[in-house]
Amino acid sequence: MNAAQTLQPPPLGVRILGCGSALPVGRLTNVDLEKLMDTSDEWIVQRTGIHERRVFDREGRGESTRTLGVTALKRALASAGMTGADLDLVLVATMTPDMMCPPVACRVAAEVGAGHIAAWDVGGACCGFVFALNSLAAQMRTGLYKTAAVVGSDTLTQHTRYDNSCRDTAILFGDGAGALVFQTTDDASRGLVAQAMHSDGSCWQDLYVPQHVQDFYGEVDESLLSTVRMNGRAVFKFAVKTFQDLICETLDMAGIQASDVAQFICHQSNARILSAARDRFGIPEDRMLVNIGKYGNTVAASVPLCYDELMQAGRLHEGDLVMFVAFGGGLTWGSSLWRL
Ligand code: ACO
(Lines give C-alpha, C1' and ligand atoms only; values in the text may rest on other atoms or scores of the structure.)
Protein backbone atom coordinates (compact mmCIF):
# COMPACT_ATOMS: atom_id res chain seq x y z
CA MET A 1 0.00 0.00 0.00
CA ASN A 2 1.49 3.43 -0.91
CA ALA A 3 1.37 6.54 1.29
CA ALA A 4 -1.52 8.16 -0.60
CA GLN A 5 -3.69 5.08 -0.08
CA THR A 6 -2.82 5.06 3.62
CA LEU A 7 -3.86 8.69 4.04
CA GLN A 8 -6.99 8.51 1.91
CA PRO A 9 -8.74 5.27 2.68
CA PRO A 10 -11.78 4.31 0.65
CA PRO A 11 -15.03 5.54 2.26
CA LEU A 12 -16.55 2.26 3.38
CA GLY A 13 -19.83 1.62 5.13
CA VAL A 14 -20.30 -0.84 7.99
CA ARG A 15 -23.28 -3.20 8.37
CA ILE A 16 -24.43 -4.91 11.54
CA LEU A 17 -24.90 -8.50 10.38
CA GLY A 18 -25.79 -10.34 13.56
CA CYS A 19 -26.41 -10.13 17.28
CA GLY A 20 -26.67 -12.42 20.26
CA SER A 21 -26.84 -12.40 24.02
CA ALA A 22 -26.16 -14.62 27.02
CA LEU A 23 -27.55 -14.43 30.54
CA PRO A 24 -26.56 -16.36 33.66
CA VAL A 25 -29.06 -18.92 34.91
CA GLY A 26 -29.33 -17.51 38.46
CA ARG A 27 -32.11 -15.02 39.24
CA LEU A 28 -32.17 -12.58 42.17
CA THR A 29 -35.59 -11.02 42.69
CA ASN A 30 -36.52 -8.01 44.79
CA VAL A 31 -38.24 -10.41 47.18
CA ASP A 32 -34.92 -12.30 47.56
CA LEU A 33 -33.24 -8.97 48.39
CA GLU A 34 -35.89 -8.18 51.01
CA LYS A 35 -34.53 -11.19 52.95
CA LEU A 36 -30.94 -9.91 52.80
CA MET A 37 -31.29 -6.19 53.63
CA ASP A 38 -33.71 -3.46 54.67
CA THR A 39 -35.44 -2.83 51.37
CA SER A 40 -38.72 -3.62 49.67
CA ASP A 41 -39.93 -4.66 46.26
CA GLU A 42 -42.09 -1.52 46.21
CA TRP A 43 -39.13 0.81 46.94
CA ILE A 44 -36.89 -0.81 44.32
CA VAL A 45 -39.54 -0.83 41.58
CA GLN A 46 -40.57 2.75 42.28
CA ARG A 47 -36.99 4.14 42.39
CA THR A 48 -35.40 2.04 39.61
CA GLY A 49 -37.95 -0.01 37.63
CA ILE A 50 -36.03 -3.21 38.46
CA HIS A 51 -37.90 -6.42 39.40
CA GLU A 52 -35.09 -8.97 39.13
CA ARG A 53 -31.55 -9.41 37.86
CA ARG A 54 -29.40 -12.34 36.70
CA VAL A 55 -26.42 -13.35 38.81
CA PHE A 56 -23.49 -15.42 37.56
CA ASP A 57 -22.18 -18.50 39.33
CA ARG A 58 -18.48 -19.04 38.66
CA GLU A 59 -17.89 -22.04 40.89
CA GLY A 60 -21.09 -24.00 40.35
CA ARG A 61 -21.86 -23.37 36.70
CA GLY A 62 -18.54 -22.05 35.44
CA GLU A 63 -20.15 -18.76 34.36
CA SER A 64 -17.84 -15.77 33.97
CA THR A 65 -17.40 -12.58 31.98
CA ARG A 66 -15.50 -14.67 29.42
CA THR A 67 -17.94 -17.60 29.13
CA LEU A 68 -20.95 -15.29 28.85
CA GLY A 69 -19.08 -13.27 26.21
CA VAL A 70 -18.20 -16.42 24.23
CA THR A 71 -21.81 -17.62 24.23
CA ALA A 72 -23.14 -14.21 23.18
CA LEU A 73 -20.60 -13.98 20.35
CA LYS A 74 -21.30 -17.53 19.12
CA ARG A 75 -25.00 -16.67 18.96
CA ALA A 76 -24.26 -13.41 17.12
CA LEU A 77 -22.05 -15.25 14.60
CA ALA A 78 -24.75 -17.89 14.06
CA SER A 79 -27.36 -15.18 13.43
CA ALA A 80 -24.98 -13.62 10.85
CA GLY A 81 -24.43 -17.02 9.19
CA MET A 82 -20.72 -16.82 10.04
CA THR A 83 -18.11 -18.61 12.10
CA GLY A 84 -15.29 -17.28 14.25
CA ALA A 85 -12.91 -17.93 11.34
CA ASP A 86 -14.58 -15.04 9.46
CA LEU A 87 -13.56 -12.45 12.10
CA ASP A 88 -10.47 -10.27 11.92
CA LEU A 89 -11.10 -8.16 15.06
CA VAL A 90 -12.79 -8.79 18.43
CA LEU A 91 -13.29 -6.05 21.04
CA VAL A 92 -14.67 -6.89 24.47
CA ALA A 93 -16.08 -4.01 26.53
CA THR A 94 -15.94 -4.87 30.21
CA MET A 95 -15.13 -3.46 33.64
CA THR A 96 -15.02 -6.94 35.18
CA PRO A 97 -12.40 -9.01 33.34
CA ASP A 98 -11.99 -12.49 34.83
CA MET A 99 -8.30 -11.68 35.36
CA MET A 100 -6.12 -8.59 34.98
CA CYS A 101 -4.23 -10.53 32.32
CA PRO A 102 -4.97 -11.87 29.73
CA PRO A 103 -7.53 -9.52 28.16
CA VAL A 104 -10.94 -11.22 27.97
CA ALA A 105 -11.07 -10.51 24.21
CA CYS A 106 -8.08 -12.76 23.46
CA ARG A 107 -9.69 -15.83 25.02
CA VAL A 108 -13.11 -15.02 23.55
CA ALA A 109 -11.54 -14.77 20.07
CA ALA A 110 -9.69 -18.06 20.59
CA GLU A 111 -12.77 -19.86 21.89
CA VAL A 112 -14.92 -18.89 18.92
CA GLY A 113 -12.16 -20.17 16.60
CA ALA A 114 -11.06 -16.80 15.28
CA GLY A 115 -7.35 -17.67 15.08
CA HIS A 116 -4.57 -15.15 15.60
CA ILE A 117 -6.60 -12.00 15.03
CA ALA A 118 -6.54 -8.57 16.73
CA ALA A 119 -8.39 -8.72 20.06
CA TRP A 120 -8.36 -6.38 23.02
CA ASP A 121 -10.54 -5.11 25.87
CA VAL A 122 -12.12 -1.67 26.10
CA GLY A 123 -12.84 0.03 29.45
CA GLY A 124 -15.32 2.84 29.97
CA ALA A 125 -17.55 1.11 32.55
CA CYS A 126 -21.19 1.25 31.42
CA CYS A 127 -20.07 3.33 28.43
CA GLY A 128 -17.63 0.65 27.29
CA PHE A 129 -19.82 -0.87 24.60
CA VAL A 130 -20.57 2.48 22.95
CA PHE A 131 -16.90 3.50 23.11
CA ALA A 132 -15.91 0.15 21.55
CA LEU A 133 -18.56 0.58 18.85
CA ASN A 134 -17.16 3.98 17.84
CA SER A 135 -13.56 2.70 17.89
CA LEU A 136 -14.49 -0.30 15.77
CA ALA A 137 -16.43 1.80 13.24
CA ALA A 138 -13.48 4.17 12.82
CA GLN A 139 -11.13 1.26 12.11
CA MET A 140 -13.51 -0.55 9.78
CA ARG A 141 -14.31 2.53 7.70
CA THR A 142 -10.65 2.75 6.72
CA GLY A 143 -10.74 -0.85 5.52
CA LEU A 144 -8.28 -1.93 8.22
CA TYR A 145 -10.68 -4.63 9.42
CA LYS A 146 -13.45 -6.17 7.32
CA THR A 147 -15.41 -8.45 9.65
CA ALA A 148 -15.42 -7.69 13.34
CA ALA A 149 -17.31 -8.13 16.59
CA VAL A 150 -17.95 -6.10 19.70
CA VAL A 151 -18.93 -7.94 22.86
CA GLY A 152 -20.19 -6.25 26.04
CA SER A 153 -19.85 -8.59 29.02
CA ASP A 154 -19.90 -7.87 32.73
CA THR A 155 -20.34 -9.65 36.06
CA LEU A 156 -20.40 -6.72 38.47
CA THR A 157 -22.37 -8.67 41.08
CA GLN A 158 -18.98 -10.07 42.17
CA HIS A 159 -18.17 -6.55 43.43
CA THR A 160 -21.52 -6.07 45.15
CA ARG A 161 -22.34 -6.84 48.77
CA TYR A 162 -25.80 -7.98 49.70
CA ASP A 163 -26.30 -6.29 53.06
CA ASN A 164 -27.46 -2.94 54.44
CA SER A 165 -24.07 -1.27 53.94
CA CYS A 166 -24.46 -1.57 50.14
CA ARG A 167 -28.21 -1.65 49.61
CA ASP A 168 -28.10 1.27 47.15
CA THR A 169 -25.85 -0.68 44.73
CA ALA A 170 -26.97 -4.25 45.54
CA ILE A 171 -30.41 -3.55 44.10
CA LEU A 172 -29.05 -2.13 40.84
CA PHE A 173 -26.60 -4.49 39.23
CA GLY A 174 -26.99 -7.73 37.29
CA ASP A 175 -24.77 -9.83 35.00
CA GLY A 176 -24.93 -10.63 31.30
CA ALA A 177 -23.37 -10.33 27.86
CA GLY A 178 -24.36 -9.19 24.38
CA ALA A 179 -22.51 -9.17 21.05
CA LEU A 180 -22.82 -7.61 17.59
CA VAL A 181 -21.06 -8.73 14.40
CA PHE A 182 -20.11 -6.21 11.69
CA GLN A 183 -18.90 -6.25 8.09
CA THR A 184 -17.69 -3.52 5.76
CA THR A 185 -19.76 -2.67 2.69
CA ASP A 186 -19.18 -0.48 -0.37
CA ASP A 187 -22.43 1.33 0.54
CA ALA A 188 -20.91 4.23 2.53
CA SER A 189 -24.36 5.39 3.71
CA ARG A 190 -24.53 2.39 6.09
CA GLY A 191 -22.93 2.45 9.52
CA LEU A 192 -21.75 5.25 11.78
CA VAL A 193 -23.42 8.61 11.06
CA ALA A 194 -22.37 10.62 14.13
CA GLN A 195 -20.73 9.98 17.48
CA ALA A 196 -19.86 11.72 20.75
CA MET A 197 -17.53 10.53 23.50
CA HIS A 198 -16.75 12.40 26.73
CA SER A 199 -15.23 11.92 30.17
CA ASP A 200 -14.81 13.82 33.43
CA GLY A 201 -12.28 12.16 35.73
CA SER A 202 -12.70 14.89 38.34
CA CYS A 203 -15.91 13.12 39.41
CA TRP A 204 -14.32 9.65 39.64
CA GLN A 205 -15.42 9.24 43.25
CA ASP A 206 -19.11 9.14 42.27
CA LEU A 207 -18.69 5.56 41.07
CA TYR A 208 -15.61 3.45 41.73
CA VAL A 209 -14.30 0.10 42.96
CA PRO A 210 -11.44 0.55 45.48
CA GLN A 211 -8.71 -2.09 45.20
CA HIS A 212 -6.33 -0.61 47.81
CA VAL A 213 -6.89 1.33 51.04
CA GLN A 214 -5.41 4.43 49.34
CA ASP A 215 -8.22 4.33 46.78
CA PHE A 216 -11.04 5.24 49.17
CA TYR A 217 -12.68 8.62 48.81
CA GLY A 218 -13.39 9.84 52.33
CA GLU A 219 -13.68 7.26 55.08
CA VAL A 220 -11.55 4.11 54.67
CA ASP A 221 -13.37 0.82 55.26
CA GLU A 222 -11.19 -2.15 54.41
CA SER A 223 -14.18 -4.49 54.46
CA LEU A 224 -15.40 -2.65 51.34
CA LEU A 225 -12.28 -3.27 49.24
CA SER A 226 -13.22 -4.58 45.78
CA THR A 227 -16.83 -3.42 46.33
CA VAL A 228 -18.64 -0.84 44.16
CA ARG A 229 -18.92 2.54 45.88
CA MET A 230 -21.47 4.95 44.46
CA ASN A 231 -22.90 8.38 45.16
CA GLY A 232 -26.33 7.46 43.80
CA ARG A 233 -27.85 10.94 43.98
CA ALA A 234 -24.88 12.54 42.18
CA VAL A 235 -24.84 9.86 39.46
CA PHE A 236 -28.60 10.19 39.02
CA LYS A 237 -28.39 13.96 38.55
CA PHE A 238 -25.44 13.65 36.19
CA ALA A 239 -27.17 10.92 34.18
CA VAL A 240 -30.46 12.77 33.69
CA LYS A 241 -28.67 15.86 32.34
CA THR A 242 -26.03 13.98 30.35
CA PHE A 243 -28.45 11.67 28.59
CA GLN A 244 -30.41 14.63 27.33
CA ASP A 245 -27.32 16.70 26.40
CA LEU A 246 -25.85 13.73 24.52
CA ILE A 247 -29.01 13.13 22.53
CA CYS A 248 -29.14 16.86 21.60
CA GLU A 249 -25.46 16.92 20.64
CA THR A 250 -25.77 13.82 18.45
CA LEU A 251 -28.98 14.96 16.73
CA ASP A 252 -27.36 18.36 16.02
CA MET A 253 -24.23 16.74 14.57
CA ALA A 254 -26.34 14.65 12.22
CA GLY A 255 -28.75 17.51 11.45
CA ILE A 256 -31.82 15.45 12.32
CA GLN A 257 -34.74 15.47 14.79
CA ALA A 258 -35.47 12.94 17.53
CA SER A 259 -38.46 11.80 15.47
CA ASP A 260 -36.05 10.67 12.69
CA VAL A 261 -34.52 8.06 15.02
CA ALA A 262 -36.26 4.68 14.83
CA GLN A 263 -34.79 3.38 18.12
CA PHE A 264 -32.86 4.93 21.00
CA ILE A 265 -30.85 1.99 22.34
CA CYS A 266 -29.86 3.14 25.80
CA HIS A 267 -27.81 1.94 28.73
CA GLN A 268 -30.23 0.64 31.36
CA SER A 269 -29.28 2.21 34.67
CA ASN A 270 -32.60 3.44 36.03
CA ALA A 271 -36.03 3.53 34.37
CA ARG A 272 -36.57 7.06 35.70
CA ILE A 273 -33.47 8.36 33.86
CA LEU A 274 -34.79 6.89 30.60
CA SER A 275 -38.29 8.21 31.07
CA ALA A 276 -36.94 11.73 31.75
CA ALA A 277 -35.17 11.60 28.36
CA ARG A 278 -38.31 10.28 26.67
CA ASP A 279 -40.40 13.12 28.11
CA ARG A 280 -37.88 15.80 27.11
CA PHE A 281 -37.74 14.71 23.43
CA GLY A 282 -41.28 13.37 23.10
CA ILE A 283 -39.95 9.90 22.26
CA PRO A 284 -42.78 7.33 22.19
CA GLU A 285 -42.38 4.24 24.39
CA ASP A 286 -41.96 1.94 21.41
CA ARG A 287 -38.83 3.85 20.31
CA MET A 288 -36.88 3.42 23.54
CA LEU A 289 -36.76 -0.08 24.95
CA VAL A 290 -36.68 -0.33 28.74
CA ASN A 291 -35.77 -3.86 29.83
CA ILE A 292 -34.09 -3.00 33.14
CA GLY A 293 -37.00 -4.65 34.95
CA LYS A 294 -35.70 -8.12 33.94
CA TYR A 295 -31.93 -7.63 34.12
CA GLY A 296 -31.03 -4.63 36.30
CA ASN A 297 -27.98 -2.61 35.24
CA THR A 298 -25.70 -5.03 33.37
CA VAL A 299 -22.94 -2.41 32.76
CA ALA A 300 -21.34 -2.88 29.28
CA ALA A 301 -23.82 -5.62 28.39
CA SER A 302 -26.97 -3.53 28.66
CA VAL A 303 -26.78 -1.83 25.23
CA PRO A 304 -26.19 -5.02 23.17
CA LEU A 305 -28.82 -6.86 25.26
CA CYS A 306 -31.32 -4.19 24.18
CA TYR A 307 -30.21 -4.43 20.54
CA ASP A 308 -30.64 -8.21 20.57
CA GLU A 309 -34.08 -7.98 22.17
CA LEU A 310 -35.23 -5.42 19.59
CA MET A 311 -33.90 -7.57 16.76
CA GLN A 312 -35.62 -10.72 18.09
CA ALA A 313 -38.86 -8.75 18.30
CA GLY A 314 -38.53 -7.63 14.65
CA ARG A 315 -38.27 -3.97 15.66
CA LEU A 316 -35.06 -3.13 13.73
CA HIS A 317 -35.07 -2.73 9.94
CA GLU A 318 -32.55 -2.08 7.19
CA GLY A 319 -32.21 1.67 6.66
CA ASP A 320 -33.34 2.59 10.20
CA LEU A 321 -31.44 5.26 12.13
CA VAL A 322 -30.62 3.99 15.63
CA MET A 323 -28.87 5.89 18.41
CA PHE A 324 -26.84 4.06 21.05
CA VAL A 325 -26.50 6.13 24.25
CA ALA A 326 -24.66 5.34 27.50
CA PHE A 327 -23.00 6.84 30.56
CA GLY A 328 -20.95 5.31 33.33
CA GLY A 329 -18.16 5.44 35.86
CA GLY A 330 -15.24 7.69 34.99
CA LEU A 331 -17.38 9.59 34.63
CA THR A 332 -17.93 8.74 30.96
CA TRP A 333 -20.72 9.39 28.47
CA GLY A 334 -21.06 8.63 24.78
CA SER A 335 -23.35 8.09 21.82
CA SER A 336 -23.20 6.40 18.45
CA LEU A 337 -25.73 7.08 15.68
CA TRP A 338 -25.98 4.35 13.02
CA ARG A 339 -27.82 3.85 9.75
CA LEU A 340 -28.63 0.11 9.71
N1 ACO B 1 -34.01 0.20 49.87
C2 ACO B 1 -34.64 1.09 50.66
N3 ACO B 1 -34.14 2.32 50.93
C4 ACO B 1 -32.97 2.63 50.37
C5 ACO B 1 -32.27 1.76 49.53
C6 ACO B 1 -32.82 0.48 49.31
N7 ACO B 1 -32.24 -0.44 48.51
N8 ACO B 1 -31.13 2.37 49.12
C9 ACO B 1 -31.13 3.58 49.68
N10 ACO B 1 -32.24 3.76 50.43
C11 ACO B 1 -32.64 4.91 51.23
C12 ACO B 1 -31.50 5.86 51.48
O13 ACO B 1 -30.74 5.43 52.56
C14 ACO B 1 -32.24 7.16 51.76
O15 ACO B 1 -32.66 7.17 53.07
P16 ACO B 1 -32.53 8.54 53.94
O17 ACO B 1 -33.39 9.53 53.23
O18 ACO B 1 -33.03 8.11 55.28
O19 ACO B 1 -31.07 8.88 53.90
C20 ACO B 1 -33.48 7.06 50.88
O21 ACO B 1 -33.60 5.68 50.52
C22 ACO B 1 -33.38 7.87 49.60
O23 ACO B 1 -32.09 7.67 49.06
P24 ACO B 1 -31.67 8.32 47.70
O25 ACO B 1 -30.24 7.94 47.42
O26 ACO B 1 -32.03 9.75 47.64
O27 ACO B 1 -32.64 7.53 46.71
P28 ACO B 1 -32.80 7.77 45.19
O29 ACO B 1 -34.20 8.07 44.88
O30 ACO B 1 -31.74 8.67 44.63
O31 ACO B 1 -32.53 6.30 44.63
C32 ACO B 1 -30.76 5.15 43.52
C33 ACO B 1 -31.28 5.67 44.84
C34 ACO B 1 -31.75 4.12 43.01
C35 ACO B 1 -29.40 4.48 43.76
C36 ACO B 1 -30.64 6.32 42.52
O37 ACO B 1 -29.93 7.37 43.12
C38 ACO B 1 -29.96 5.96 41.23
O39 ACO B 1 -30.46 5.14 40.46
N40 ACO B 1 -28.82 6.59 40.92
C41 ACO B 1 -28.11 6.36 39.68
C42 ACO B 1 -27.30 5.14 39.84
C43 ACO B 1 -26.70 4.64 38.55
O44 ACO B 1 -27.24 4.82 37.49
N45 ACO B 1 -25.54 3.97 38.69
C46 ACO B 1 -24.92 3.27 37.63
C47 ACO B 1 -24.02 4.10 36.78
S48 ACO B 1 -23.54 3.20 35.39
C49 ACO B 1 -22.02 2.42 35.59
O50 ACO B 1 -21.02 2.84 35.07
C51 ACO B 1 -21.85 1.19 36.39
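Trainee: How far is an oxygen atom of the ligand from an N or O atom in the side chain of R47?

Mentor: This is a predicted model, in which local features need pLDDT of at least 70 and side-chain atom pairs count only at pLDDT 80 or more, while totals for chains, interfaces and linings use all residues. Residues are numbered from 1 along each chain as its sequence is written, and side-chain values use heavy atoms, with hydrogens and water left out. A polar contact is a pair of N or O atoms within 3.5 Å, and for R47 and the ligand oxygen the distance is 2.7 Å.

Trainee: Which residue has a backbone N or O atom 3.4 Å from an oxygen atom of the ligand?

Mentor: A polar side-chain atom of T39 lies 2.7 Å from a nitrogen atom of the ligand. The backbone atom 3.4 Å from a ligand oxygen belongs to C126.

Trainee: Which helix gives the most residues to the shell around the ligand?

Mentor: A residue is near the ligand if one of its heavy atoms lies within 4 Å, and of the 26 residues around the ligand, T39, R47, C126, R233 and N270 come nearest. Helices are DSSP runs (H or I) of at least four residues, and strands are runs (E) of at least two, numbered from the N terminus. With 4 residues, the element that gives the most to this shell is α9.

Technical notes: Polar contact = N/O pair within 3.5 Å; in protein donor to acceptor, adjacent residues only side chain to side chain.
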